[in-house]
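Good morning, everyone, and thank you for making the time.

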Number of protein chains: 2
Amino acid sequence: MDRTVSRRGLLLGGAAAGAGAVGGALAHRWAAGAPTAPQEAAALPLNGERTVPFHGPRQAGVETPPQAHAAFTAFDLGRDVDAEGVRRLMRLLSDDAARLTRGEPALADTEPELAAVPAGLTVTFGFGPGLVERVDPDAVPGWLRPLPEFDHDDLDPRWGQADLLVQVCADDPVTVAHAVRMLGKDARAFTEPRWTQSGFRRAHGSEADGTTMRNLMGQVDGTVNPRPGTADFDHLVWREAGPPWLAGGTGLVLRRIETHLDTWDELDRPAREAVIGRRLADGAPLTGGGEHAEVDLAATDATGLSVIADFAHVRRSRTDDPEERIFRRGYNYDLRDHGTPEAGLLFASYQADPVRQFVPIQRRLDELDLLNEWVTAVGSAVFAVPPGCAEGGYVGDTLLEG
Amino acid sequence: MDRTVSRRGLLLGGAAAGAGAVGGALAHRWAAGAPTAPQEAAALPLNGERTVPFHGPRQAGVETPPQAHAAFTAFDLGRDVDAEGVRRLMRLLSDDAARLTRGEPALADTEPELAAVPAGLTVTFGFGPGLVERVDPDAVPGWLRPLPEFDHDDLDPRWGQADLLVQVCADDPVTVAHAVRMLGKDARAFTEPRWTQSGFRRAHGSEADGTTMRNLMGQVDGTVNPRPGTADFDHLVWREAGPPWLAGGTGLVLRRIETHLDTWDELDRPAREAVIGRRLADGAPLTGGGEHAEVDLAATDATGLSVIADFAHVRRSRTDDPEERIFRRGYNYDLRDHGTPEAGLLFASYQADPVRQFVPIQRRLDELDLLNEWVTAVGSAVFAVPPGCAEGGYVGDTLLEG
């Protein structure tokens, strides 16, 4: 797990840890219409001050509890950028990330004051096949290539494979905007921007910690995720085998899954629940129990029909092969400011080997999953997420100094 | 001031009000990697549960402390919609707003579970001249018309005047997305959607309560705002004179101000500070004091030059006429997902009379304000914000039942 530290919490010697709640205190002050006394405000640890360390054996932003906001930005390397260029680029971006995640301005930060609220900021880098080839064609792992085509995909190259991914997550949208801008400016001399995909979840403080997210279709989404910090998670997510430079890294599949909310609206609740195989109210399987209960795929109803239909998403996504599992850390998107509304899920999954772990699941869903009627993948890309770096190092140094 | 209530706080008899802070408690749990015990989570009042009453003599969302996220959506009435149609529309939307702001599903809510986190949701309605004319041509206040043209504007009709504005604000982006979708669906039978403008500020819990916002240029933005709850605020913002249906209402000017961050980047800090007349670090006037100190427009430096230049934004926006003041409640925008990045400020100002209060300020800025080099208004619209409604009533009933 990431160590998560409140700077003010440290200053206070952690004394605030067991105490009450900022939400109630603020609500009280607003209710009374009383101004905020500076000393009172200073006594409240702020989520905006929370930092997640950038340095460490693994990159942050994977097992870090998902922050409220994410921006995935992708770049293609300039034609003339060689291994030395990639080295300079990754040194620069790692330095920016280390500073910004501490709540400090980037070097030559044009708006240093906007850097003062880290709000749990993480910056996570992923390498596309193009970048690894540029450095060392023999270092590209076998799975680092475009996913096979799926029948129900309708991929737009606009959201396609790129050389470098920068995933920026924080609980504050201003923090994300500032970090994206600073990192983008420093990448400019080496790259062409390819795309940005912005997403969101519930705000920090909106729901009890550990609540499984809901997507914009209203479904509880991500119930079967392996739990960070367990041996199961480590085995599924963090790479042990393969090219040595990737030991302690992982693989990221990022798919842009558009949701057809207008036709989804035509379904009533029982139909929506049958499509998934879970109850909308709490995400529990239609065969009973709580959200985390095992799905009983053999259960039948009074008429002898399967409770979980053949076409149900939950049946199609399951497997008896314990290796065919992934860790999902997705974000909703909802773009309305440029005309036609466009909404869906930035499906981000981490797994040690996307071909071995993700592809079989997606094949079963592609073959027969009624949900395909209402969702379409319009973007797809795969990235190798290198291990983290030590202070003084940079992400990718295991590849570039190898 | 709005009364701001935490449902869980009420259940707890307000006992949590004086207590510590959720940020520290959560950080502690994450640091320890411990799972969240349900009873522990239940004891924490959540900001997501906070509600702001929809009903009351004034609409919420004006003097309500600005939430983190806003979506301004605009609609034009269908050609055949008469006063009775407007009445039905506003009854429907007011009912949706009353329910959603309580954290309850809208009637026929297709994703009722997404309504469970109000997170301080407010829904504020504004009427364009077209809507008021449709009901009663004699009821249009003189100021409810497009602003005069300003030389530095480059208005795109895409962000122009519309018949109905729905301003949705909450601390949670999922809450905003859900409310916008539900309200938009219920408006569909009566209107054509015109535009959506989405914006953000610092997240709840990112900064001490009452901190003046910064825009994406890094400037402290909104220092001279009148303070909600004061007689000065009431006089400047809430209408006393004019058509009786607007008593207790206000006027909204919404301008989309694009920021040219690439050329702004070419300025060093002293130049940026001279353009505004305030220090970037804390928003204090260049003539000294703290953020809220009076600007000394007469001060000169050692060479005899004005410390606050003739072209400085702070000089141009000031006046000796105490009536020429407005209340700003703006939001940043930063759109990157559709190609060319586009960033700026959704300038939202409330004033009893935009022509008397806003226009003279903007004229002075238009004539001579160096900031015009880096910002351009690309959208502009004016709306009459009716008073609030009682339970059983609806926003606009003072016009429609008059």
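In this predicted model, how are α4(B) and α6(B) oriented to each other? The axes of helix α4, residues 83-101 of chain B, and helix α6, residues 173-187 of chain B, cross at roughly 160 degrees, and because angles over 145 degrees count as roughly antiparallel, the two helices are roughly antiparallel to each other. Their axes come within 9 Å, and the crossing is right-handed. In general, two packed helices are described by the angle between their axes and the distance between the axes.

If you look at the contact itself, α4(B) contributes B:L89, B:L92, B:L93, B:D96, B:A97 and B:L100, while α6(B) contributes B:H178, B:A179, B:M182, B:L183, B:D186 and B:A187.

Let me now move to chain A, where the UniProt record, an unreviewed entry, places the feature "domain: Dyp-type peroxidase N-terminal" at residues 59-201. In the model, that span is 29% helix and 22% strand, and its end C-alpha atoms lie 21 Å apart.

Finally, a word on confidence. Chain A has a mean pLDDT of 89, with 89% of its residues reaching 70 or more. Over residues 1-42 of chain A, however, the pLDDT is below 50, although this stretch has 93 contacts in the model beyond near neighbours in sequence. For the complex, the predictor gives an ipTM of 0.90 and a pTM of 0.90.

Notes. Residues are numbered from 1 along each chain as its sequence is written. Chains are lettered from A and ligands numbered from 1 in the order in which they are written. This is a predicted model: local features need pLDDT of at least 70, side-chain atom pairs count only at pLDDT 80 or more; totals for chains, interfaces and linings use all residues. Side-chain values use heavy atoms; hydrogens and water are left out. pLDDT is the predictor's confidence in each residue, from 0 to 100. Contact means heavy atoms within 4.5 Å. UniProt positions are given in the numbering used here, feature names are shortened, and annotations may be inferred rather than shown by experiment. Helices (H or I, at least four residues) and strands (E, at least two) are DSSP runs, numbered from the N terminus. Axes are lines fitted to C-alpha atoms, for helices over the stretch in contact, and angles run from 0 to 180 degrees between N-to-C directions. Angles under 35 degrees count as roughly parallel, over 145 as roughly antiparallel, 65 to 115 as roughly perpendicular and the rest as oblique. A crossing is left-handed if the near helix is turned anticlockwise from the far one by less than a right angle, and right-handed if clockwise.
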